[in-house]
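Let's take a walk through a protein together.

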Amino acid sequence: MPKKLTPKFFDILDNVKQNLTCNSFDFSQVMSAFCLGLTESLDCPCVWIGLKETDGTITCCAKAGDNSICLEANTMRWDDARLGQNPAGLAIRTGSVQFSDLRGIHDNHCPWLFYMKKLQINTALALPIICSDEEVLGVLVIYFRDIEGYPAEKIRILESFVSQLSLLLEMEKRSERVLRYSFLAEQSRDIFLFIRPDGTIVDANTAAEKAYGYTKQELHTMNIFDLRLDNNDFVAKQMDSAASRGILFETYHRRKDGSIFPVEVSSKGGEFKGGPLLLSVIRDITDRRKIENELKDSEERFKGIFNNMSDGVAVYTADEYGDFIFEEYNKSAEKIGQIKKEEVIGQSLTAVFPGVMESGNILDSLKRVWITGQPEHCPVLRYTDKRISRWTENYIFKLTSGEVVNVFRDITPQKQAEEELWNAKEHAHVTLKSIGDAVITTDALGNIGFMNPVAEELTGWKEDDAKGLPLLTVFCIINEFTELPAEDPVEKCLRTGRVVGLANHTILINRSGERKHIEDSASPIRDREGNSIGAVLVFFDVSEKKKLLNELNYLAKYDSLTGLPNRVTFHNFLDDVLNDSKDSNKQFALFFIDIDRFKFINDNFGHTIGDELLIKISKRIKFHLGNMDLVCRYGGDEFAIIINHVDNQEMVFEKAEKLIKSCAEIFYMQGKELYISISMGIALFPTHGKNPDSLIKHADLAMYSAKRSGGNKYNIYISEVDSEIFQRFTMLGMLNKALEKGEFTLYYQPQIDLTTNKMVGVEALLRWFSPNGLIFPDEYIPFAEETDLIIPIGDWVIKEACRQCKRWMDQGYLPIRVAINISAKQFYQQDFVEKITKILDQYQLSPVMLTLEITESVAMQNFASASLIINKIINMGMQIAIDDFGTGYSSLSYLANMNINCLKIDKSMIQNLKTEEKKAKITTAIVNLAKILQLEVIAEGIEHEEDILFLKELHCDKAQGYYFSKPLPMEEIERLWIEAKNYMNRS
């Protein structure tokens, strides 16, 4: 062991430091040169550098010495195993210098100890290589044949070497990680923002620039509140929630041009450099397929760090104390050193920059250049005192005048940029690990370099197993229909140099054989010259989406109950058959089928039985038709059939007859026997129509005609049927829209007290003013009653009459009763009385203001039920009047037992009382009967004065008719009140 350190010993340290300043260096070469220098300088048999591996082994990355070939990585470990009980392992585990006397170790099974004894090595010095965050990276081991201890001051010098080695190791690792993570971050399809708690945007990726339209510099001056449309308080609450536990939500963001787009935001808080920071991963959900992969921009975004930097120049002379006196100091030096020229000229370097003694080897370099005259490149130097903190790179040379010149460059922005680059790669790493899409990157040959967790899950491969493998080994894709291998998107994007999307219907077969539908895109990765150096593949599982689309497509075309094609499919097929038939001059038949009295089955047996019946009927219909015929469920209990290639009508009639008979056969439904029948309409192409609308219309009309004539039969369309049925359909269609469009109104006909000649009531009469003009009740009331439209129309009449009655009372008009006509279907509703009660409560109207008029036929339809309903109405305070009395079939016993208030004599009995003696006698009998039963009598249809005189002689209570007034709109009734006139001026 040498007694003192040789100059070459210090040259080794200089070599390491110089490599720290290089933009690039060969790590293995530097390490090997370092080991070789130590063996020669320290005259030791062997020196090696080992790196700590996570599996407990030590990897030899550099070695030197004649016998270093005996050192193998698997002969030593650093963990607590038997092979780890060596100086190198102890130094790594403890993080402290180990000096070991190998002679005292007795373990014949340790390979490394065997080699040491064989080489006559007696002692070993192991120095741990520790990085800036106190993590042990590896070990420097020096072997000696001497047996004495190693001096502490020399160990301290060696430790300074080791600290330089740790910097080299850190720079090597960080450089690789920064480049990789930064690149991956810039290829992400998602926006990611790093945000402080106050909302300030700290950093953003290229996707954010593209999505928002702001430059990165602009985004750094903005707040997240500038991008969000929500209330600021709401956004702040969301940020608090995200910082504490993470949050996933959807909202809207605003671009620079003012346009709004929806986004999905995944935010999670954490700590970065000791402070809180929020990471938001934002996805534009307007179009998830829009990906901008401008890798060249991401590579160039760090350019310009050095582009505008100026060099500083300082000129020194040496004094007798070995210090250097400033002779010149230029403007750039002033800026870098943050001190004026006049403050430094004539002063010594150590006086102006007192920290130079501790900042590194700049002073030593100045001395060597002054003595030898040989220029030197001084590596990166950080200078810090109370005034400044700067990084500089120095080039020192000597002038012929004997002055020493230091040309130095401020690389502080570069060092800051390196820190930011490292941060950006850390951000990219976190982002890629947290996004919801799978990401795989490859090299230029298509071999895998990186996989994120989602990619691992979808492919079934772990990243460590997949690295270096060809993409298609891991990413096995086939066409859904052909089962043939799909085109490699990465190979295509590398070949074409553009973004490539995956073909439709692509399936990924993962490592376990599971099949998944996927969508993806591949983008080339380029170097600074624009050459493709790899690709990034982004894909995601769309299996559930594909399944849902297939289900929706089926539901859009087929009936979910019967499985038959639905109305949409029917119309499409009808168009195709019609076009083919036109081209081939062939005819086909269109059947429309409706189940007779199907509503009765639903109402009495339940919808479950009804649905089961529809399924069985559809199967019977299918059974009796050929493969060329199409059966559809058109809607409800209606089926539509297209009989293709019809040769003659007899064939059509034969099929129709079979269907009628088949459906008439017994159906067994959950232990019940059901007998049904169907009605069928037939239209032939081209006889009954040359377009879909006319064929459907005529088949429907023919079916409706069969149904009206009793059902259980088929009718072929006959044009004469058209007029009546079409008019009915037209009327029904207009009625359906009349209430919605507000086409109904109420007119009021006065009711006159024959004793006082005063108006004591009005009858509310419905009027329909359609776009085609006034339609009289006789034209549409039968249709309304037939289709149950009379119920909503009747409800509207009651509500409108009550509203108007309440309005008149509020305006101070004389209180009078309003009479309203009630239909049979309306009267026998279970909630009829409850409906009227709610309407009266709504308008705060007393029941005594209403008279409900029902006909004899309504009252006699179900006498028991009618009596119960009438009693409820009478008990509420309303009156019941029997309308059109004398035209029905009332029984006197029923009349005597029914709790009613009034009889209204039909106008047919009143007209021509003077000339028709029988009518006069019947009218007299009705009035006398009413008086006996203590009922009020109102005569309708009064048109002549002599009728009034006759009724007064009979002591009839009230009358109404055109003699007094025709039915009037609301405004005219009010005008008569305002003028305070009687409606009867004649006696």
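Predicted model: local features only at pLDDT ≥ 70, side-chain atom pairs only at ≥ 80, totals over all residues.

Our first stop is Tyr-558, which is partly exposed, with a relative accessible area of 31%. You'll find Tyr-558 in the loop between α20 (543-557) and α21 (567-584). Tyr-558 is part of a nonpolar patch on the surface, together with Leu-548, Leu-549, Leu-552, Tyr-554 and Leu-555.

Now zoom out for a moment. The protein has 987 residues, and 48% of them count as buried. Its secondary structure includes 37 helices and 38 strands. The protein exposes about 48900 Å², and carbon and sulfur atoms supply 51% of that area. What about contacts along the chain? Of those with a separation of 6 or more, 59% are between residues 24 or more positions apart.

Next, head for strand β28, residues 678-685. Is this strand enclosed or out in the open? Buried means under 20% relative accessible area. In β28, 8 of the 8 residues are buried, so the strand is largely enclosed by the rest of the structure. Here's a handy rule for reading a strand: in a regular one, side chains alternate between the two faces of the sheet. You can follow that in β28, where Ile-678, Met-680, Ile-682 and Leu-684 point one way. Ser-679, Gly-681, Ala-683 and Phe-685 point the other way, and all of these residues are buried.

Who are the partners of β28? One is strand β23 (residues 587-595), which pairs with β28 in the antiparallel sense over 8 bridges. Look there for Phe-591, which stands opposite Ile-682 in β28. Another is strand β29 (residues 713-716), which runs parallel to β28 and is joined to it by 4 bridges. In this pairing, Gly-681 stands opposite Asn-715 in β29.

Now follow the chain out of β28 and watch the backbone. Phe-685 and Pro-686 are joined by a cis peptide bond, with omega about 5°. Pro-686 lies in the loop between β28 and α25. Why point this out? Because most residues other than glycine have a negative phi, and most peptide bonds are trans.

Gln-338 has a positive phi, near 55°, although it is a residue other than glycine. Gln-338 sits in the loop between α11 (331-337) and α12 (341-344), and it is partly exposed, with a relative accessible area of 42%. For Arg-597, phi is also positive and near 55°. Arg-597 belongs to the loop between β23 and α22 (598-605). Is Arg-597 buried or exposed? The cut-off for exposed is over 50%, so at 55% relative accessibility Arg-597 counts as exposed.

Let's finish at Leu-169, in helix α5 (residues 152-186). Leu-169 is buried, with a relative accessible area of 5%. What does Leu-169 touch? Leaving aside residues up to four places away in sequence, Leu-169 touches Phe-27, Leu-51, Ile-129 and Leu-137. Check Gly-138 as well: Leu-169 and Gly-138 are 31 residues apart along the chain, and their C-alpha atoms are separated by 9.4 Å.

Methods:
Residues numbered from 1 in each chain as written. Heavy atoms only, no water. Patch = residues over 30% accessible without salt bridge, like charges linked within 9 Å, V, L, I, M, F, W, Y side chains within 5 Å. Areas by Shrake-Rupley, 256 points an atom, 1.4 Å probe, with all protein chains shown as cover. Salt bridge = Lys/Arg side-chain N within 4 Å of Asp/Glu carboxyl O. Helix = DSSP H or I, 4+ residues; strand = E, 2+ residues; numbered from the N terminus. Buried < 20%, exposed > 50% of the residue type's maximum accessible area, 1.4 Å probe, protein only. Pairing = 2+ DSSP bridges. Contact = heavy atoms within 4.5 Å.
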